[in-house]
Amino acid sequence: MRVSIVVPALDEAREIVATLAPLQPLRAAGHEVIAVDGGSADATLALAAPLADRAFAARRGRASQMNAGAAVATGDVLLFLHAGSRLSADGFAALLRTLPRSGRRWGRFDVAIAGHHAILGLVAAMMNARSRLTGIATGDQGIFVERGLFAAVGGYPDQPLMEDIELSRRLNRSGGRPLCLRARLLTSGRRWERRGPWSTIVAMWRWRFAYWRGADPAGLAEEYGTAGRGPPVVLQIFAKNPAPGEVKTRLASAVGDREAAALYADLVEMTLETAVAARTRGIVDRVELWCAPVADAPAFAAWRERYGVALETQTGADLGARMRNALATAVDHGSRAILVGTDCPVLDLRYLAEAAAALDDHDAVFGPVEDGGYALVGLARGVDCFSGVPWSAPDTMAATRALLCAQRVRWRELPLLWDVDEPTDLLRWQELGARAPRTRASPSASAA
């Protein structure tokens, strides 16, 4: 049995990588991933393209996008997976193992809702129980169906809301009751987090009742509105004035102070280029360059003009205090914040998108590096990640984990990275080819 996974998306630059990346082993095993964009204003389609067998734009509307994906699918079974949902390898294995021998022709997974509110576990349990009782599945549960049956019932109805309910009704009439897999599909809790879980529950039941009474889906969709992407994401970059003798001192022992400063300036500019691309593509909303020791050095002014970033001055007695203070300027005003250094040449758009997506349903996110520290920290709320943590030490990340565990913080760690500190790291950087160090003096050295 070959499965075609259809993923509709609209302005999901922050989520699409995290949705599609876990599906890559399934592609390697011969299954198919189809991403259908509804005309995003951000980089959703560009980010999806390398992670899908087919990625294209279609008429906006989840139903029409899923129908467009189904029209080009070649698998025996169609699986419709919303952006913001995570399909595990175990869940997919359960589908492959159970559907052929079940005698059923369509079905869905149980759902788990990721988020900060404890009530979301109860919400998921109620959704799963209701679905078993009624035979009605929601899009969050990952509806799967034989391709022939999907075509026979006319696909998704062309309506802007409740399309999953109507499809379930059609499938129940033509294909019988659904297969309800106990394997859980993890879906983002951003809708419940944003509107409040109780308000969302009441509103969803009210809309469902209105639809059952015959209300126009277009009118309900207008009332439903869009869930949006949540609070804005501020990307903060920590950088030092690239003065010879003040930066990359371990590298300087091998290449000299001026060359080390020039290499550091290259790293800063690479980070700024990635940050600005992330802002352009809708992954982050604002970019700030946090400067040390002060923000009025010529290099910082040049970068502000070149990249259109805001300059801020780092404050605090140590690195932990400086990071805490910077992150608080965003989090305390209702934004989510991601803070990065400038030492990591492999930190790219996909990595930033994964970090931003993680903050939808985690308190914090980290990008650990091989030397025991981390190159990225992001917060969705005020969390103490820094008290008592040793900085620039082999056990920085380990101490951070212990601190988070003690506070019962929900965090996610992204794949391991490496940064440029030692001469051996410089060789590794040079092996990246197009992203190798550029031969240019640092701004401060040029101005001297």
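Reader: How do you know how the lining of the second largest pocket divides into nonpolar, polar and charged residues?

Author: The lining sorts into 18 nonpolar, seven polar and nine charged residues. The sorting rule counts Ala, Val, Leu, Ile, Met, Phe, Trp, Tyr, Cys and Pro as nonpolar, Asp, Glu, Lys and Arg as charged, and the others, Gly among them, as polar. Bear in mind that this is a predicted model, where local features need pLDDT of at least 70, side-chain atom pairs count only at pLDDT 80 or more, and totals for chains, interfaces and linings use all residues. Residues are numbered from 1 along each chain as its sequence is written, and side-chain values use heavy atoms, with hydrogens and water left out.

Reader: What makes something a pocket, and what makes it a cavity?

Author: Both come from a 1 Å grid over the protein atoms alone. A cavity is a set of points where a 1.4 Å probe fits but cannot get out, while a pocket is an open set with protein on both sides within 12 Å along at least five of seven lines. Lining residues have an atom within 4 Å of a point. Grid points are joined across faces, edges and corners, and a volume is the space filled by probe spheres set on the points.

Reader: How much space lies in the second largest pocket, and which residues are closest to its centre?

Author: The second largest pocket holds about 960 Å³ of space. It is lined by 34 residues, of which Lys 240, Leu 319, Asp 343, Ser 392 and Asp 421 are the closest to its centre. Strand 14 contributes the largest share of the lining, four residues. By the way, helices (H or I, at least four residues) and strands (E, at least two) are DSSP runs, numbered from the N terminus.

Reader: And which residues line the second largest cavity?

Author: Its lining is made up of Val 7, Ala 9, Ile 16, Ala 35, Val 36, Asp 37, Thr 44 and Ala 48. The volume is about 30 Å³, and the whole structure has two cavities of 30 Å³ or more. Strand 2 gives the most to this lining, with three residues. By residue type, the lining has six nonpolar, one polar and one charged.

Reader: Why is Ser 392 called exposed?

Author: Buried means under 20% relative accessible area, exposed over 50%, and partly exposed in between (1.4 Å probe, protein chains only). Ser 392 has 77% relative accessibility, so it counts as exposed. Ser 392 sits in the loop between strand 14 and helix 17 (396-406).

Reader: What about Lys 248 and Pro 244: why does each get its label?

Author: Lys 248 is at 11% relative accessibility, so it counts as buried. Pro 244 has a relative accessible area of 32%, so it is partly exposed. Lys 248 lies in the loop between strand 9 and helix 12, and Pro 244 is in the loop between strand 9 and helix 12 too.

Reader: What makes the phi of Lys 248 worth a remark?

Author: Most residues other than glycine have a negative phi. Lys 248 is not a glycine, yet its phi is positive, about 50°. Ser 392 also has a positive phi, near 55°.

Reader: Why is Thr 342 called buried, and what does its side chain touch?

Author: Its relative accessible area is 3%, so Thr 342 is buried. Its side chain makes a polar contact with the side chain of Tyr 264 at 3.4 Å. A polar contact is a pair of N or O atoms within 3.5 Å; within protein, one must be able to donate a hydrogen and the other to accept it, and residues adjacent in sequence count only if both atoms are side-chain atoms. Thr 342 is found in the loop between strand 12 and helix 16 (349-358).

Reader: How do you know that strand 12 pairs with strand 9 and strand 14?

Author: Two strands pair if DSSP finds at least two bridges between them. Five bridges join strand 9 to strand 12, running parallel, and four join strand 12 to strand 14, running antiparallel. Ile 338 stands opposite Gly 378 in strand 14, and Leu 235 stands opposite Ile 338.

Reader: What makes strand 12 mostly covered?

Author: Five of its five residues are buried. Arg 336, Ile 338 and Val 340 point one way, and Ala 337 and Leu 339 the other way.
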